[in-house]
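Welcome! Here is a short tour of one protein model, written for someone seeing it for the first time.

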Amino acid sequence: MNEGSKAAGQRGGNIGAIVDLRSDTVTQPTAGMRAAMASAPLGDDVFGDDPSVNALQAALAERLGFEAALFMPTGTQSNLCALMAHCQRGDEYIVGQFAHTYRWEGGGAAVLGSIQPQPLSHAPDGSLPLADIEANIKPDDAHFARTRLLALENTIGGKVLPMDYLAAASELAKRHGLSRHLDGARLFNAAIAVAARGGSEGSDPYEAARRICSHFDSVSVCFSKGLGAPVGSVLCGSRELIKSAHRWRKMLGGGMRQAGLLASAAHYALDHQVKRLGEDHALARRLVEGLQGLPGLTVEAPQTNIVFCDVDQGIAAKLVEHLKSEGVLTTGLYKLRFVTHLDVDAAGVDRAIAATRRFFNA
Ligand SMILES: Cc1ncc(COP(=O)(O)O)c(C=O)c1O
């Protein structure tokens, strides 16, 4: 049992009797995390002298195998600073149709960075087919935006991109002179899943995370998702890239002062709440087992902490409302999405199963 586990009194339980499965962003800081925040040494990070921010940046860069890192308030800002550091005005990045940087970040790359997205459809495993990537790299011709960057996401919709795919996509990008960015908001969920497979890939999640990162020039990692911190993302890359991202961060209003208060929470999560992500994955599997066999609802085996359910047309909104009336929160318009996290336990998952079964009179 690791230090961040339920047995160590860390898991928050189903707070206020509500089982909130809308997202892994809803967690409250644990007691250990709050203590780390309360005792964090602080300075003014715009002057570069907040020891807690500096320590987090150095620790993550070192663990993931990068030269440098930069603490940001959000994953959105972390991704945007990365895209703006890799691309100039009039450049283009290749990205998935359902990637967060393309679909869920307000079009920031285009609006603020003058960077054109080239979205591609995903294969069922979440990857972007290599042939499609290659076919969409534009020739050096004034008619086209300059293709500069390949941006992937791992996990993507809760799916883990295969390690050999990452190697092949990275090699393809390099061959065409493209930089490679990973939205690793849930990098450690991917790493835990890879490590859980063991075998030749090894069983250390930090090592698995490092291997995933070895295929990228930059990676953004969120601490306010499954890792349970209240705020924060860290962008990792070369010293030169981080210098450029630092300038963009300032311009985007992300220069924070005594930010060590927040960075210390992220650092605590990095040290104590990575290994427990496996518990969230187990809860997702428990949820799926309980939901199997319901008429009108199809569930896919989860790879990490996100469960999607296909429901018959017109049912999703009604089911979301029904679950809410039973104190179970989830999201979905066409597909239902349940996300397990630090603040939900087996009893909460069982309540979600029972409430769903009642909806189907099963
Ligand atoms: C895959 C992914 N990337 C980036 C983000 C952006 O993070 P933030 O909400 O901190 O801006 C999210 C947020 O849910 C996400 O799921």
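Just after helix H14, Asn361 takes a positive phi of about 55°. Helices (H or I, at least four residues) and strands (E, at least two) are DSSP runs here, numbered from the N terminus. This is a predicted model, in which local features need pLDDT of at least 70 and side-chain atom pairs count only at pLDDT 80 or more, while totals for chains, interfaces and linings use all residues. Residues are numbered from 1 along each chain as its sequence is written, and side-chain values use heavy atoms, with hydrogens and water left out.

Which residues of H14 are buried? They are Ala346, Gly348, Val349, Ala352, Ile353, Ala355 and Thr356; buried means under 20% relative accessible area, exposed over 50%, and partly exposed in between (1.4 Å probe, protein chains only). An α-helix has 3.6 residues a turn, so residues three or four places apart point the same way. The cover over the buried residues of H14 includes helix H12 (277-291), helix H13 (316-325) and strand E12 (335-339).

## The nonpolar cores

A nonpolar core is a set of buried Ala, Val, Leu, Ile, Met, Phe, Trp, Tyr and Cys residues joined through side-chain atoms within 4.5 Å. The largest one has 59 residues, and Leu64, Leu152, Leu187, Phe188 and Phe223 touch the most other members. Helix H8 (residues 187-197) gives the most to this core, with seven residues. Apart from it lies another core, of 27 residues, which includes Phe338, Val344, Val349 and Phe360.

Take a look at Leu64: leaving aside neighbours within four places in sequence, its contacts (heavy atoms within 4.5 Å) are Leu187, Phe188, Ala209, Arg210, Cys213, Val221 and Cys236.

Asn189 is found in helix H8. Is Asn189 buried or exposed? Asn189 is buried, with a relative accessible area of 3%. Its side chain makes a polar contact with the side chain of His281, at 3.0 Å. A polar contact is a pair of N or O atoms within 3.5 Å; within protein, one must be able to donate a hydrogen and the other to accept it, and residues adjacent in sequence count only if both atoms are side-chain atoms.

## Rings and charges

How many aromatic pairs does a search of the whole structure find? There are two. In the pair of Phe188 and Tyr206, the ring centres are 6.1 Å apart and the planes are at 70°, so the pair is edge-to-face. Rings of Phe, Tyr and Trp (its six-membered ring) pair if their centres lie within 6.5 Å; planes under 30 degrees apart count as stacked, over 60 as edge-to-face and the rest as tilted. Phe188 lies in helix H8 and Tyr206 in helix H9 (residues 205-213), so the pair ties together parts that are 18 residues apart in sequence. Both Phe188 and Tyr206 are buried. The rings of Phe359 and Phe360 have centres 5.1 Å apart and planes at 85°, so this pair is edge-to-face.

Arg63 lies over the face of Tyr206, 3.9 Å from the ring centre. The charged end of Arg103 sits over the ring of Phe98, 4.3 Å from its centre. For a charge to sit over a ring, NZ of Lys or CZ of Arg is within 6 Å of the ring centre and within 35 degrees of the ring normal.
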